[in-house]
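Sequence and coordinates come first.

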Amino acid sequence: MFDLILKNATLPDGRTGIDIACQNGTIAAVEPNITAEAQEVIDATGYLVSPPFVDPHFHMDATLSLGTPRMNTSGTLLEGIALWGELKPIQSVDDIVTRALRYCDLAVSMGIGAIRSHVDVCDDALTGVQALLEVRKQVAPYLDLQLVAFPQDGVLRDPTAMENLIRALDMGVDVVGGIPHFERTMADGAESVRQLCEIAEKRGLMVDMHCDESDDPHSRHIETLANETQRLGLQGRVAGSHLTSMHSMDNYYVSKLIPLIAEAEVHAIPNPLINIMLQGRHDTYPKRRGQTRVPQLRDAGITVGFGSDCVMDPWYSLGRADMLDVASMGLHVGQLSSRADMAWCFEAVTRNSAKIMGLQGYGLEKGCAANMVLLQAHDTIEAIRLRATRLAVIRNGRVIARTAPQISEVSLPGRPVSVNPADYSPQKAG
């Protein structure tokens, strides 16, 4: 007697007719035609079952704060930072906890099983840190929340940021963050990378830095981050987020830079929705796309995971916790148009991001945690194309969210009476 069996599923690797049995929070079997009984049986009817979506870059201390205390009228990154500076003094721990828990409800309903959230430490009261540590504890049964100590105003530029960052790590924040391109000089930016990586090395922590979130091709702190990773033996534990200056760099320099990143085993986290919205603001036309060089990074063997970054906050007024939206934007902006490229974009919001976060027991193999999402789509490309409905979200072998299939009733002479978007592909014509 299993706790749960999903019958007749399609897996991301293309296998069809697969059953998945769950017992005691673990995947106990993945094979066709499991005949054992279970407390609950879900017929997937050939739809896609995926591991949970993973968001490796988010700002939960700011989420759902849109319009407080005012709107970002220019839509720029710098006004967003200034607006966040106005919001921080007027929000309480309870405010942040309430908003963050509401966002986690939404994220879980959309099939997200893990989030890495940066939390601003440039606040002597560490209000956001206190709030998100409480949120992490509350959501632990159904969502993995990893926190990054993020000195939004610059760890050297802000007079108390370094002290606050250390305090945040002592309180239990998981990852060392940074923002070298926001320091006052390029030299200060490089020094901040050095000091922050040394802190991570001494504490045995991972590193995730906002790096070169700029259109300036001379913002090259990712080079320093790769070098410090090598020097300190942090390979596989470091991520560079955004990396948007790379879209403005000349090809010769990038031909040197990308192998350095790959050699250091530094991960890359573009944030397609926000990068395409905030970058290129000083351009008239031609206008730069804003997203880093995703295909080249991937082809060099670098692990690339797409993050969502923001939802309804000082920087971005849209969003709905949909990692398939993120994958779709990354696909379009990166011109990742082959079938293999599009399937890879699904990996960028699942397995790749899980690797970046160091998640244990992630996947759909026997022995993995029984966490998965049933999607109203027949393969990963169709899931992105349709932003597929999350029919069931499963955590530790238990359904924690359900959504009815998207099926429209139509009244057209001589035509079908219902339309299921998952039935509309050339392979299913007629």
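The model is predicted, not experimental. According to the UniProt record, an unreviewed entry, the annotation "domain: Amidohydrolase" covers residues 40-400. Over that range the chain is 39% helix and 17% strand.

**Domains and their interface**

The protein is divided into two domains: domain 1 is made of residues 2-51 and 363-424, and domain 2 of residues 53-357. Domain 1 therefore consists of two segments in the numbering, as its bounds come from a domain assignment. Their C-alpha centres lie 31 Å apart. To the contact, domain 1 gives 20 residues and domain 2 gives 26 residues.

Which three residues of domain 1 supply more of its buried area than any other three? They are Ile384, Arg390 and Arg395, with 36% of the area that domain 1 buries against domain 2. In total, the two domains bury about 1800 Å² between them, and 59% of this is on carbon and sulfur atoms. Four salt bridges are found across the interface.

**The open sheet**

Strands E5, E13, E14 and E15 form an open sheet in that order, with antiparallel pairing. At its edges are strand E5 (48-50) and strand E15 (398-402), each of which pairs on one side only. From one strand to the next, the twist averages 20°. In general, strands of a sheet pair through backbone hydrogen bonds.

Within the sheet, strand E13 (residues 372-375) and strand E14 (residues 390-395) run antiparallel and are joined by four bridges.

**Salt bridges**

The whole structure holds 26 salt bridges.

| Arginine | Aspartate | Closest N and O atoms |
|---|---|---|
| arginine 390 | aspartate 322 | 2.4 Å |
| arginine 136 | aspartate 174 | 3.0 Å |

The pair of arginine 136 and aspartate 174 links distant parts of the chain, 38 residues apart. Arginine 136 is in helix H3 (residues 127-139). Aspartate 174 is in the loop between helix H4 (161-171) and strand E9 (175-178).

How values were computed:
Residues numbered from 1 in each chain as written. Predicted model: local features only at pLDDT ≥ 70, side-chain atom pairs only at ≥ 80, totals over all residues. Heavy atoms only, no water. UniProt positions renumbered as here; feature names shortened; annotations may be inferred. Helix = DSSP H or I, 4+ residues; strand = E, 2+ residues; numbered from the N terminus. Pairing = 2+ DSSP bridges. Axes fitted to C-alpha atoms, helices over the stretch in contact; angles between N-to-C directions. Contact = heavy atoms within 4.5 Å. Buried area = accessible area lost by both parts, 1.4 Å probe. Salt bridge = Lys/Arg side-chain N within 4 Å of Asp/Glu carboxyl O.
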